[in-house]
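Here are my notes on the model, kept to a few points. Please read them with the structure open.

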Amino acid sequence: MSFVADDLVAWLVCLVADAGRRKLTTWVLGNEQERALRQAATAAVQDVVGELRPRDSGRADELAMVVSEVLSVTVPDASPGTGVTLLEALRAGVREQLAVLDDAGLTGTGKSSAQVLDLSAGVVAKNLAGRLVTEILARGACGGPLKPLADQLNHDETHLQGQLLEDMATGTREALVRLEARQALPVPAPEVRYSLPPDAAAFTGRDEDLGRITAAVRDATGTGGVVAIHAIGGMPGVGKTALAVHAAHLLADRFPDRQLFIDLHAHTPGQDPVPPEAALAGLLTSVGVDARYLPASLEGRVSLWRDRMAGKRALLVLDNAGSSAQVAPLLPGSAGCLVLITSRRHLGDLPGGVPLLLLEVLPPREAEAMFTWLAPRAAGGPDGAVAELAKLAGYLPLAVSLLARVYARHPAWTLADLAAETRESLLTLTAENDSVAAAFDVSWRNLDPGRQRFFALLGLHPGTTIDAYAAAALADVGLSEAAGQLEGLHGEGLLAEAGYRRYRMHDLIRRYAHDRAASVTGRSQALGRLLDYYQHTAAIAEARLARQTRPGPAPVVRTAPTAVPGLGDAAEALAWARAERGNLLACLDHVTAVGQHARVIALTAGIAALLRRDGPWADAITRHATAVQAAHHLGDRPGEACALRNLGDARRLAGEYPGAAEALEEALGIYRGVGDRLGEANALNFLGDVRRATGDFPGAAKALEEALDLFRSVGDRLGEAGALNFLGNVRRMTGEYPGAAEALEEALGMFRGVGDRLGEANALNFLGDVRRATGDFRGAAEALEEALGIYRGIGSRLGEANALGNLGEVRRATGDFRGAAEALEEALGIYCGIGNRGGEAEALNEAGTLCRVRGDLGDAEEYHRLALGLAREIGSAWDEAHALAGLGRCALVAGRAADAKAGLRQALEIFQRIGTAEAADVAAELDAITPS
């Protein structure tokens, strides 16, 4: 066999070198690449010859004769023709190399080798070309010398050869879920410019439908309008997603800014459709908006999404939509975009008369071609056998692809065997669900009883993805057995990969599995074990991520899981929580719906730190409010206090200060009533920061000092550091700089002692601002630069913007106007990106101050006016006063003394009312103004 591979390698080397000259590829061969090609070609030839080897060992000589004949001819000219891809050139070369099989003159018997062995040269060539491409793709996917060639072949629309069509059609591809699943460190999520699923290697037909889409794109591009919005409809499994994804790949180069895919889950069994608010959260995150700072309202998210897409040439696939109301908010508002929507329903209320492409089942010849592509050995079967199977599958792409996969997985079967199995399932052409179920039945009956039970139990999972840990708990098996079962079901085509060792089900297969689970004994116990697993592991992750030590032991589960992932530190805990976020919320929705109040309390507490970190805070408020009600229903006072504390924290972060104070004061009362001093300290700590934010600095200091004493009495170093940090911030804002510095330096040492990097950065940031206010600009810059480095290292975008804003002030004060402008511009960009309007107002005011001292009065006044409007909109008195003072100072420089006095007087009234350090400076400025 190695000699056959030698000929193929020689031909491949010639082909790739010539392809490089013709710009089909930019790859240049070296010795290492030639060796890797030789290995790939050898493996491909061995696989093909092994499959075609006659079962009768007496015909081995005939096979050897075939090999000899292939070697006896000259390697064909590898020069690819004009306009072909590298893949096309490869396939054509293999066909030419093996055409000798049809030459009767080489055998001396009057028959060609193909006739002697009952083979077809075309079948052999197609098998060998496919195996060769598969070998190159598989080896290149691991990196190494064949990666560039594998990338080129992938580009030529051969990515993931052999994967089921429904794997391409499931569409569970949201950027945040995938990023979160493999997030190893708490780094900022990058913008997602490309999230299309791989194109289907076996995509067949649909030329007319593709032509309509591409023609609309071409016509609209010429006029500069919105390129197109197309709705693709049809029955489940008909290939709606496959068509949308294929069209997206064909047109991707026309939309270079972004190509995004989102599954709206309108018909995913066991899961509610994705609300427009949640879909926009995913889309906005993919374009760089931090999920924690998304606008709470649908209107706010729509506006931000359309603002972000303005002027972009982007392609958007909205898969599995349920209604026009679900889709309309997701549509970009400006020209230059293509939107492809798939849905079982007619979306008649979409704007602009959106054309509908209603897909039917495949024409018979195209269904046969799909089957043969997915199961290449079927091409050598009896005439009409593939046509019969395609008909039994109802020409439904999903059913066709599943049958082909079963055939490929069972090399001992004939096409007649597969047809007999399919007939027994009573597959029909008119019953949509029955047709799909019949295809599933074929795979089901070929599972052993243990795997059948395992598969059925997966249908009980409230979420959409699963890993071996959760599956082990659900099925009550060991971790390795669960991993093997998942991989086995993936091999049978019943599961698709959603990430590394993480799997998902197509929505129809999920429904099928759920129906099968109805006859499985112990299904309620299985679901209980799964919920126990998530509750137990979430509590571990929460303990690693929480910024405060939680009072009391973790909630006790009914069945302790036999295996849980190692969550040794905050980074691992965050990666797990983000990967499982959808499942945790789905489980929480399930237990809420069935009234399992204790689980509602425990699961909500288990995701509190994740919701606090990633938001959206409006959703966190809803979840915690539900937990409060569940605890109250059970009379669980400690659980109610915990839920109230989390509710108050979420409201504080969202700027709902009255509601935050109410929840925290109620939690404080419960903690005091049950004698929980640590819980009392936590509630006081948050309450102190709420009072600071509302301008009640004496009340804030009192609450924080009381919290500090409690933390010290119970020996909680983390809580003590947090209280000192909050207290230092209060003293900083009221001008008590020595006391502020003392508290912040003590907090800094404690945060470093317990390894809390975010707390360390916050203390450094506050400390830098104290040093700036006292004239220690060098010390301020050092502290702020160190804080900035930590924020960037741990992925805190808000912290990064805060440090940059403070650095801008320091640089302005030291005359580094250019550096100040750069820092402020970057800070403003981050604040706008994450939706932090308070930070934006502060940065706008500082930008106005910088412009004034540089002599740009027009820009300075514009910045302050923008800050003033924003401050009044969000109710920030401190920012409002700074904006009024800035406008007054601009008026003074311009010689408008009356305007200056009016602005400064209004600012002074606010500063005096809230008791901040700026009041003295503004009063002095007013006294110095000569009456006009």
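1. Glu826 is partly exposed at 36% relative accessibility; buried means under 20% relative accessible area, exposed over 50%, and partly exposed in between (1.4 Å probe, protein chains only). Glu826 forms a salt bridge with Arg792, with the closest N and O atoms 2.9 Å apart. A salt bridge here is a side-chain nitrogen of Lys or Arg within 4 Å of a carboxyl oxygen of Asp or Glu. Glu826 lies in helix α39 (residues 817-834) and Arg792 in helix α37 (residues 777-794), so the pair ties together parts that are 34 residues apart in sequence. Helices (H or I, at least four residues) and strands (E, at least two) are DSSP runs, numbered from the N terminus.

2. This is a predicted model: local features need pLDDT of at least 70, side-chain atom pairs count only at pLDDT 80 or more, and totals for chains, interfaces and linings use all residues. Residues are numbered from 1 along each chain as its sequence is written, and side-chain values use heavy atoms, with hydrogens and water left out.

3. Arg792 also meets Glu800 in a salt bridge (2.9 Å, N to O). Arg792 is partly exposed at 38%, whereas Glu800 is buried at 7% relative accessibility.

4. Strand β2 (residues 258-263) has six of its six residues buried, so the strand is largely enclosed by the rest of the structure. Arg258, Leu260 and Ile262 are buried on one side, and Gln259, Phe261 and Asp263 on the other.

5. In helix α12 (residues 276-286), nine of the eleven residues are buried. Just after α12, Gly288 takes a positive phi of about 105°.
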